[in-house]
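Here's a quick briefing to get you oriented. Take a look at the structure first, and then we'll walk through how some of its pieces pack together.

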Amino acid sequence: MKLPDTIAMLRTLVGEPSTSSITASRDQSNLAVINHLANWLEGLKFAVTVLPLPNKGGKANLIATLGNGEGGLVLSGHTDTVPCDENHWDTDPYTLTEIDSVVHGLGSCDMKGFFPIALEAASLFHSKKLNKPLTILATSDEESSMAGVRQLLRDGRPKADFAIIGEPTGLQPIIAHKGVLALSIVVEGSGGHASNPSLGCNALDAMHAVIADLLIYRQELASTYTNPTFEINIPTLNLGCLHAGDSPNRICETAELQIDLRLMPGMEIEELTTTIQHRLVETIASYGTRLSITRLNEVPAYQTSDDGDLARTLASLSGRPPGTVAFGTEAPFLQSLGMETVVFGPGSIDQAHQPNEYLDLNQLSPARETLENVIRHYCT
Ligand SMILES: [Zn+2]
């Protein structure tokens with residue numbers, strides 16, 4: 001089977017809605033996208049495995065491998081997009097539309113556009129013998145829960161020496177990003193008439209102390225983890241929302257604070273959560289309230305050496321030095337599977353996650369050439 005051209009493949013992928021969302025009513029299947037990729041890759045003689053997510057109907061990862069043996073290279077992308085509001089688009093988000101040498105469409109840049117380019121690069125090798133296997137990886141739910149890549153980590157696959165994640169980096173190799181940790185901090189006291197404080201135990205009083213301590217902790221984190229390679233060069237701790245009480249004349253029974261931390265490489269989610277838990281319990285010990293912490297969302301921070309083989313190869317092929325970005329990716333998970341992982345792909349994150357998302361067509365050829373050279377370097 002002959003592979004359709006790049007734009008035709010992208011048109012097909014953009015035409016299949018595959019939103020992922022933690023809100024069930026907005027969450028969609030990614031199987032249509034996975035099936036197109038499976039068909040094209042089978043046409044290129046890849047051994048294709050579609051891995052449905054257990055406990056999550058209508059979702060699957062795909063692993064497709066050309067060649068045999070250990071090691072090799074993985075080219076990875078996610079098949080889902082963020083939800084979109086069609087009313088804010090000038091074109092139909094599901095119809096790839098070319099205007100002035102860019103193509104508009106939901107997922108065109110983040111990141112359905114990577115797959116046609118990767119497949120086109122791979123097609124140049126399908127008849128040749130590879131020394132090391134080439135794997136195309138397509139994941140589900142990156143934009144919401146990262147359920148797809150988390151499942152791959154549990155399964156311990158795929159295995160390779162190197163992985164490129166084709167998120168939009170404007171063709172600059174990216175070797176680090178911050179992590180995300182969103183926490184719900186709940187303080188529970190007991191209610192009573194506002195006229196007599198001894199009748200209850202005020203959760204908002206304790207929450208006041210919690211917030212004061214978090215602001216001190218924020219300063220401590222900033223001075224410990226300053227990292228000049230990031231645009232925002234400190235870890236951040238944002239007080240996002242607070243819900244508490246129901247009436248001015250009642251002692252506040254429950255207060256919930258939600259915070260968002262952006263972690264520098266080197267900050268571990270498990271350790272941070274425990275530290276916050278311990279210091280807040282201590283801070284409000286005299287209030288007679290109970291404190292509990294739940295993790296709402298978490299993505300590990302990621303960093304790989306700028307002196308790594310793949311980082312150096314991509315820097316030399318692209319002519320761009322390795323850098324850092326502010327957005328999270330699946331890189332820390334692929335890294336945990338034992339691969340040197342670098343984020344490198346066409347398109348700009350500035351156009352992602354917003355109306356009229358587009359991919360600059362001028363990036364297609366350089367992206368394909370770089371991938372072709374990387375495949376040649378690591379697999380032949
Ligand atoms: Zn993305």
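Let's start with two helices: A209, V210, D213 and Y217 in α5 meet R279, L280 and T283 in α6. Meeting here means being in contact, with C-beta atoms, placed from the backbone, within 7 Å. Keep in mind that this is a predicted model: local features need pLDDT of at least 70, side-chain atom pairs count only at pLDDT 80 or more, and totals for chains, interfaces and linings use all residues. Residues are numbered from 1 along each chain as its sequence is written.

**The α5 and α6 pair**
- The residues of this contact divide into 4 nonpolar, 1 polar and 2 charged. (Ala, Val, Leu, Ile, Met, Phe, Trp, Tyr, Cys and Pro count as nonpolar, Asp, Glu, Lys and Arg as charged, and the others, Gly among them, as polar.)
- Helix α5 covers residues 203-224 and helix α6 covers residues 269-283; their axes come within 9 Å and cross at roughly 135°. (Axes are lines fitted to C-alpha atoms, for helices over the stretch in contact, and angles run from 0 to 180 degrees between N-to-C directions.)
- α5 and α6 are therefore oblique to each other. (Under 35 degrees counts as roughly parallel, over 145 as roughly antiparallel, 65 to 115 as roughly perpendicular and the rest as oblique.)
- The crossing of α5 past α6 is right-handed.
- Helices (H or I, at least four residues) and strands (E, at least two) are DSSP runs, numbered from the N terminus.

**The four-strand sheet**
- An open sheet of 4 strands has the order β10-β11-β9-β12, with antiparallel pairing. (Two strands pair if DSSP finds at least two bridges between them.)
- At the edges are β10 (236-244) and β12 (290-299), each pairing on one side only.
- On average, neighbouring strands of this sheet are turned by 20° against each other, direction ignored.
- β9 (residues 179-188) and β12 run antiparallel and are joined by 9 bridges.
- I185 stands opposite I293 in β12.
- α6 turns up again here: α6 packs on the sheet and touches β9, β11 (254-263) and β12, its direction making about 160° with that of β12.

**The three-strand sheet**
- Another open sheet has 3 strands in the order β4-β5-β16, again with antiparallel pairing.
- β4 (97-99) and β16 (358-360) are the edge strands with a single partner each, so one side of each has no neighbour in the sheet.
- Neighbouring strands here are turned by 25° against each other on average, direction ignored.
- β4 and β5 (residues 102-104) run antiparallel, joined by 3 bridges.
- T97 has H104 in β5 as its bridge partner.

**The α7 and α9 pair**
- Helix α7 (residues 309-318) packs against helix α9 (residues 364-379) at an angle of about 140°, with the axes 10 Å apart.
- That makes α7 oblique to α9.
- α7 and α9 cross in a right-handed way.
- T313, L314, L317 and S318 in α7 meet T370, N373, V374 and H377 in α9.
- By class, this contact has 3 nonpolar, 5 polar and no charged residues.

**The two domains**
- The protein chain is assigned domain 1 (6-177 + 301-379) and domain 2 (179-299). (The bounds come from an automatic or database domain assignment.)
- The C-alpha centres of domain 1 and domain 2 are 36 Å apart.
- Where they touch, 8 residues of domain 1 are in contact with 11 residues of domain 2.
- The domain 1 side that touches domain 2 has 5 nonpolar, 3 polar and no charged residues.

Methods. Left-handed = near helix turned anticlockwise from the far one by under 90°.
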